[in-house]
Amino acid sequence: MSLEVVPDEAEKLARQILRCSIGEKEKELYHFSLGKKNLSLSKKEMEIWSLMLRNHLVFTMIESSIALYYQRSPIRHRILCMLAVLETQPSHANKFINKRFSFTRFFFHGLKAAFILPAGIIAGMFLKIYSADGRRV
Amino acid sequence: MEDGFDFIVIGSGIAGAHAAQTLAEQGVQVAMLDVGKTDTHYRNISPRNDFVSLRRNDEEQHHYLLGEDAESLSWGPTATGPQLTPARKFSIADVQKWMPLESDSFAPLESLAYGGLGNAWGAGSYVYSRNELQQIGLNVSEMETAYQIIADRIGISGGEGDIRSYATGNIRGLQPAIKVEPLIEAIEKRYENQKKYFNDHGFFIGRPPLAALTSPKEDREPLEYREMEFYDDHEKAVYRPWITVDKLKKLSNFIYKANFFVTRFEEQNEGVMVFGINTKDGTPGVFKAKKLLLAGGVLSTARIVLRSFNKLNHQLPLLCNAYTYIPSLAVRHWKTAVPERRTALTQMVLFYDPDKTNSNASLAAMYTYRSLLFIRLLKEVPLPVGFALSFMKNLQPLIILSGIHHPEQYGPDKKIWLKPDASQPTGDKLHAVYKLSDNEKIKNQDREKQIMKAVRKLGCMPLKKVDPGMGSSLHYAGTLPFSEDPKPLHLRQDGLLHFTKRIFVADGSGFRYLPAKGISLSLMANAHRVALHSLKSGNN
C-alpha cells in the first residue's frame, strides 16, 4: 500500500466536503497529517477514492455508504483529516462554531438525510460487490 | 548513592505533592524522586485569549489544537488517552516504556509527568462521606481535618446547596461557584421547579466543587472563562500539583530529583535504600533516607512493592470506578444561546443516591462541548462528514455530556500481578484483569437508566451510551488494602506497610472501597494524613 495521493487531492477534497477553496497552508497541513497518520490506501481504495473526488454525487453516495458501513475506513480517515485541518483555520472557523439551535435548519437536515441515507445504502451494495474479493474498503 | 534525607517521597502528582508539602513544612529534609516528564513545547503556546476568539483569529492555532504531530487525530475506539489535547499528551509520555501493562479488559491511564495525571485533571474536588470513609478504612475525623487543610491549600469553589453533604461536607471557606452558561441555568431552573420529585427519587443536583478559583489566591488568578482549561494554565486558576512542587523547590529542605524511575526499595535497620534507573542514560542509581513515602499512583506503587518483596506473579486486588458517558441534547432549552466565553470544566453535577445514605451514590458530571475539536464527535457519527458537520453544528448549542461514575467494591476478577519479562527495562510487566460481575453490570445499568430518566426530566434527550472501557475513569485504588490485623501487602490505617517500620504508602493503594465521587481531594487529604503519621512514627 502506498501513501499515494490523487493530483490536487487536498483542493478537491475541501471542495467536496465544505465547498470551499484552500491555500498552500491547508494543503501542506493535510499532506503532513496524512503522513503522520500513515493513511495509505490499497489499490482498490485508490480507485474508489479517485472516482469520489471527480464527482460530487458519487462522492456523496460513496461517503454515505462508508459512513454507514466502514467507519474505520482509511478513506473516511482522509476525509476527517481534511476536516480537522479546515477546523483549525481561522478562515473556516465560522463553519464550526454555532451559537443557537435552529428548528428550520434541523427540518431541512432531516429532509436531506432522507435522500442521503438511501443513497448510502445503495452505494453500499455496490461497494460490497466491488470489494467482494475480501480486500478492505 | 545520595544520602542524608529524612524522607523520600516518590512521585510529584496529586498525592506526592501534598505528602511532600506536609513533610517539608515540618522542617525535615525531603527528597522527591520523580521521572518528571515536562512539556517544553505546548506549555502556554496558545495565546491568553478565549477559545472562540482564538478560533476566529489565530493563524497558528493548528499547532496547539491539531498538534505538531497531528495528535488530535485518533481513530481508535473512544478511550481516555486519545482524548487528551496535544498540550496534555506529555502526561502519558514514555509510560509504555517504563510501566508496561498488558490486559484485554483494563486500559488505565498512568503518568510519569511532572505533576502526574493532575495535569489532565478536570478539577472535581469531592469529600467522601462518613459512611464512605468508614467503608474505605480511613479515620473519619483525621480525614475531615485533612480535607480542610487541603481545601485551604488549593482553593475550592462551589459544591454548596443541595449537594453540600455529597460534595464538600464540612469544608469552610469555599469560594463562590463558577459562573455557568444560560443552558445550565435553564436546567438548574427546571431542577428547582421539580426539586421535590428529584429529591424523593434520590437525585441531588448542583454546581460542582472544583479546584478552580473564582477569586484570587496567592499568585493564582481566578478563572477567565476562556474555555482553554484543557490546553493551558496561563492564570493557574485550576489547581495542578506542579504548582505545589514549584513552590517546594524554593525551600532549602526540599530537593527534587527528576529523570529517576524508582524500581524498588530495601528496608534496613537505619533507613531505606531506594533503587532506580536514570531515565536519560539508563544508569542505575540509589538514594537513602530514614523513611520512604510511596505516592506515585496505585499501579506504580504496586509494581514497586511487588518487586521489593520479590512477589512476582502474586495477585493484588484492584478497584476502579466503572465509567460511561452519555451525550444528550437539551431539546427543551433550544432557545438558549451559547456565550462567547464559558468554562470547559464540569458545570453541573448530579448525585443519584436511591437509599439516601450517602454511602454508595453514583455521580454524573455534566459539561457542554466545544473546546475539543468537532472531529472528535464527528468520527462517531455514522453520516457523511460534510452533512454530519452541518447537522451537529446546528445541534452543538444543545449538546451536554454526562460522565457517569459508579461506586466500586472488590471482586474475584479485579486484580493485577507482575510477571517477569526480560524484554522490559525493569525486567517485568504488569498484567491486569478487570471485569464486573453480572450483578454489578445489572446494577450499574439500572442506575444509568434512572440517571437518563432524570436527564430527560431536566429537559435533555440522551442519545446513546458510550463505554470507553474499564480504566478510563482514572480512579484506581485498593491494591494494598488497609487492615487492622498485620498482613503482608496490606497497610496499617496510618499508611505504614505492615511488617515494615519505615515504608508508608500515601496514595490510594489502601482504599478498600471506591466511591463514585472524584478521588483526587481524598488522595490529597490522605497523603497529608499519612505524611503526618510518618513524622510521628518510630525514629525519624
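In this predicted model, B:F198 is buried, with a relative accessibility of 0%. The ring of B:F198 pairs with that of B:Y191; the two centres are 5.5 Å apart and the planes stand at 50°, so the pair is tilted. B:Y191 also counts as buried, at 2% relative accessibility.

Over all chains, the count of aromatic pairs comes to 22. Another of them joins A:F101 and A:F103 in an edge-to-face arrangement, with 5.1 Å from centre to centre and 80° between the planes. A:F101 is buried, whereas A:F103 is partly exposed. Ring pairs also link these two residues with A:F106, B:W334, B:F387 and B:F391 into a cluster.

The relative accessible areas of the four paired residues are as follows.

| Residue | Relative accessible area | Class |
|---|---|---|
| B:F198 | 0% | buried |
| B:Y191 | 2% | buried |
| A:F101 | 8% | buried |
| A:F103 | 45% | partly exposed |

The interface between the chains comes next. In it, 46 residues of chain B are in contact with 45 residues of chain A. About 4,300 Å² is buried between the two chains, and carbon and sulfur atoms give 62% of this area.

Across this interface there are 22 residue pairs in polar contact and four salt bridges. A:E87 forms a salt bridge with B:R55, with 4.0 Å between the closest N and O atoms.

On the side of chain B that touches chain A, the elements giving two or more residues are α2 (51-57), α3 (61-65), α13 (375-378) and α14 (385-395) of chain B. α14(B) gives the most, with nine residues. By type, the residues on this side of chain B divide into 25 nonpolar, nine polar and 12 charged.

Methods
Residues are numbered from 1 along each chain as its sequence is written. Chains are lettered from A and ligands numbered from 1 in the order in which they are written. This is a predicted model: local features need pLDDT of at least 70, side-chain atom pairs count only at pLDDT 80 or more; totals for chains, interfaces and linings use all residues. Side-chain values use heavy atoms; hydrogens and water are left out. Contact means heavy atoms within 4.5 Å. Buried area is the accessible area (1.4 Å probe) that two parts lose on being put together, summed over both. A salt bridge is a side-chain nitrogen of Lys or Arg within 4 Å of a carboxyl oxygen of Asp or Glu. A polar contact is a pair of N or O atoms within 3.5 Å; within protein, one must be able to donate a hydrogen and the other to accept it, and residues adjacent in sequence count only if both atoms are side-chain atoms. Helices (H or I, at least four residues) and strands (E, at least two) are DSSP runs, numbered from the N terminus. Ala, Val, Leu, Ile, Met, Phe, Trp, Tyr, Cys and Pro count as nonpolar, Asp, Glu, Lys and Arg as charged, and the others, Gly among them, as polar. Rings of Phe, Tyr and Trp (its six-membered ring) pair if their centres lie within 6.5 Å; planes under 30 degrees apart count as stacked, over 60 as edge-to-face and the rest as tilted. Buried means under 20% relative accessible area, exposed over 50%, partly exposed in between (1.4 Å probe, protein chains only).
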